[in-house]
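Biologist: Thanks for sitting down with me. Could you walk me through this fold, one question at a time?

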Amino acid sequence: MSDSTMDTAVLGEKIVNVLKTIYDPEIPVDIYELGLIYDVFVNEACDVKILMTLTTPNCPVAETLPLEVEEKVKSLDMVKSAEVEITFDPPWTQELMSEEAKLELGML
């Protein structure tokens, strides 16, 4: 494993840890466990792209949540740039939630 591959893996973990500090204001579970993060791409230049969705297209935080994700990820030392892309394909469903999130919300 090259240094850059290792760095991007480490950075990927750090990004996930940051994502787990961001909560959907309507649901007491972080956006990662909710399944709102579809993908995190990190290239060797430490540019980060996050593909995420929202629980609904007219989610009250549609404007602010992606910005919060971008700002918090950008605050990591190793990150050069961060971009969040919102997608509704596939649309979010409760199936995307982790077991932990379902347990937290009393769905299991």
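Biologist: Happy to start at a single residue. Leaving out residues up to four places away in sequence, which residues does Asp47 touch?

Modeller: Bear in mind that this is a predicted model. Asp47 has its place in strand β2. Not counting residues up to four places away in sequence, Asp47 touches Phe41, Val42, Lys80 and Ser81.

Biologist: How far apart in space are Asp47 and Ser81, C-alpha to C-alpha?

Modeller: In sequence, 34 residues separate Asp47 and Ser81. From C-alpha to C-alpha, the distance between Asp47 and Ser81 is 4.8 Å.

Biologist: Is Asp47 buried, partly exposed or exposed?

Modeller: Buried would require under 20% relative accessible area, and exposed would require over 50%. Asp47 has a relative accessible area of 22%, so Asp47 is partly exposed.

Biologist: Let's turn to α1. What span should its 17 residues have, and how far apart are its end C-alpha atoms?

Modeller: The estimate uses 1.5 Å a residue, and for the 17 residues of α1 it gives 24 Å. The end C-alpha atoms agree with that, as they are also 24 Å apart.

Biologist: Which elements do the buried residues of α1 pack against?

Modeller: The buried residues of α1 are Thr8, Leu11, Gly12, Ile15, Val16, Val18 and Leu19. They lie on the same side of α1, because they cover an arc of only 155° around the axis. On the face turned away from that buried side, α1 carries the exposed residues Asp3 and Glu13. The buried residues pack against β1, β2 and α2.

Biologist: Which element gives the most to the largest nonpolar core?

Modeller: That core has 28 residues, and Ile15, Leu19 and Ile50 are among those with the most contacts inside it. At least two residues of the core come from each of α1, β2, α2 and β3. The element that gives the most, with four residues, is α1.

Biologist: And Lys14, which residues does it touch beyond four places in sequence?

Modeller: Lys14 sits in helix α1, and at 38% relative accessibility it counts as partly exposed. Lys14 and Met78 are 64 residues apart in sequence, with 9.5 Å between their C-alpha atoms. Beyond four places in sequence, Lys14 touches Leu76 and Met78.

Notes. Residues numbered from 1 in each chain as written. Predicted model: local features only at pLDDT ≥ 70, side-chain atom pairs only at ≥ 80, totals over all residues. Heavy atoms only, no water. Core = buried A, V, L, I, M, F, W, Y, C linked by side-chain atoms within 4.5 Å. Buried < 20%, exposed > 50% of the residue type's maximum accessible area, 1.4 Å probe, protein only. Contact = heavy atoms within 4.5 Å. Expected span 1.5 Å × (residues − 1). Arc of directions from axis to C-beta.
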